[in-house]
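Try each task before you read its solution.

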Amino acid sequence: METQIIELEKKYWQGMENHDYETVKNLTYFPCIVAGKNGVHNVDETTFKKMFESGDGNKIKVLGFSDFNSQALTETTVVTAYIIELEDSKQKKMMKCACTSTWVKQNNEWVCALHTEAELTEQ
């Protein structure tokens with residue numbers, strides 16, 4: 001199950017990198033919870049699409065993943081945490097973020113119900 005969740009995280013980020021709304025939407029549970037530097041938000045599908053489209057000019061490039069950890073809480077709920085390294089065209093910099101996600105199995109498909117990101121300070 002851990003390998004499957006890691007692959008889903010990578011697919012999700014590939015959808016973000018390619019600005020592929022359908023892929024990202026299909027991997028998301030609605031309403032979802034998103035937490036990061038802009039606060040905590042409970043996001044329905046309509047709001048999610050607006051948020052996704054508002055980032056249209058901002059291109060990200062996924063440079064890599066590391067430190068994957070995951071734990072199955074039940075047969076239908078998995079939590080995961082990892083580090084992602086990104087290049088952000090808007091901020092014109094590379095950054096590393098610690099991410100966490102909660103995946104739930106719904107209609108025999110895994111979808112992300114909660115995602116958090118915290119930019120790591122340079123060390």
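**Exercise 1.** Is K61 buried, partly exposed or exposed, and with which side chain does K61 meet in a salt bridge?

*Solution.* Keep in mind that this is a predicted model.
Step 1: K61 has a relative accessible area of 43%. Buried would need a value under 20% and exposed a value over 50%, so K61 is partly exposed.
Step 2: The side chain of K61 meets that of E17 in a salt bridge, at 3.8 Å from N to O. The cut-off for such a pair is 4 Å.
Step 3: Now place the two residues. E17 belongs to helix α1 (residues 2–17) and K61 to strand β3 (residues 60–74), so the bridge ties together parts that are 44 residues apart in sequence.
Step 4: E17 is partly exposed, with a relative accessible area of 24%.

**Exercise 2.** How many salt bridges does a search of the whole structure find? Then work through the pairs E53 with K49 and E119 with K93.

*Solution.* 
Step 1: The search of the whole structure finds four salt bridges, and the pair E17 and K61 is a salt bridge.
Step 2: The side chains of E53 and K49 meet at 3.9 Å, N to O. Both residues sit in helix α3 (residues 45–54), and because they are four residues apart, about one helical turn separates them.
Step 3: Look at how open this pair is. E53 has 46% relative accessibility and counts as partly exposed; K49, at 37%, counts as partly exposed.
Step 4: In the pair E119 and K93, the closest N and O atoms are 2.9 Å apart.
Step 5: E119 is partly exposed at 36% relative accessibility, and K93 is partly exposed at 34%.

**Exercise 3.** Describe the overall build of the chain: which elements does the chain have, and in what order do they run?

*Solution.* 
Step 1: Count the elements. The secondary structure comes to three helices and six strands.
Step 2: Read them from the N terminus on, and the order is α-α-β-β-α-β-β-β-β.
Step 3: Turn to the dimensions. Along the principal axes, the C-alpha atoms fill a box of roughly 40 × 35 × 25 Å.
Step 4: A compact globule of 123 residues would have a radius of gyration near 14 Å, and the chain, with 14 Å, agrees.
Step 5: Ask how the chain packs. Of its 123 residues, 33% count as buried. Among contacts with a separation of 6 or more, 48% are between residues 24 or more positions apart.
Step 6: Finish with the surface and the charges. The chain exposes about 7700 Å², of which carbon and sulfur atoms supply 48%. There are 13 positive and 19 negative charges, and their mean positions are 5 Å apart.

**Exercise 4.** Where does H41 lie, and which residues does H41 touch beyond those up to four places away in sequence?

*Solution.* 
Step 1: H41 lies in strand β2 (residues 39–43).
Step 2: With a relative accessible area of 34%, H41 is partly exposed.
Step 3: Leaving out residues up to four places away in sequence, H41 touches C32, I33 and V34.
Step 4: H41 and L114 are 73 residues apart along the chain, and their C-alpha atoms are separated by 10.0 Å.

**Exercise 5.** Now for the backbone: which peptide bond at P31 is cis, and what are the phi values of D67 and N108?

*Solution.* 
Step 1: The peptide bond from F30 to P31 is cis, with omega near -5 degrees. P31 is part of strand β1 (residues 28–36).
Step 2: D67 has phi near 55 degrees, a positive value in a residue other than glycine. D67 is found in strand β3 and is exposed, with a relative accessible area of 55%.
Step 3: N108 is not a glycine, yet its phi is positive, at about 65 degrees. N108 is found in the loop between β5 and β6 and is exposed at 61% relative accessible area.

How values were computed
Residues numbered from 1 in each chain as written. Predicted model: local features only at pLDDT ≥ 70, side-chain atom pairs only at ≥ 80, totals over all residues. Heavy atoms only, no water. Helix = DSSP H or I, 4+ residues; strand = E, 2+ residues; numbered from the N terminus. Buried < 20%, exposed > 50% of the residue type's maximum accessible area, 1.4 Å probe, protein only. Rg over C-alpha atoms; globule rule 2.2 N^0.38 Å. Contact = heavy atoms within 4.5 Å. Areas by Shrake-Rupley, 256 points an atom, 1.4 Å probe, with all protein chains shown as cover. Lys, Arg positive; Asp, Glu negative; His and termini not counted. Charge placed at Lys NZ, Arg CZ, Asp CG, Glu CD.
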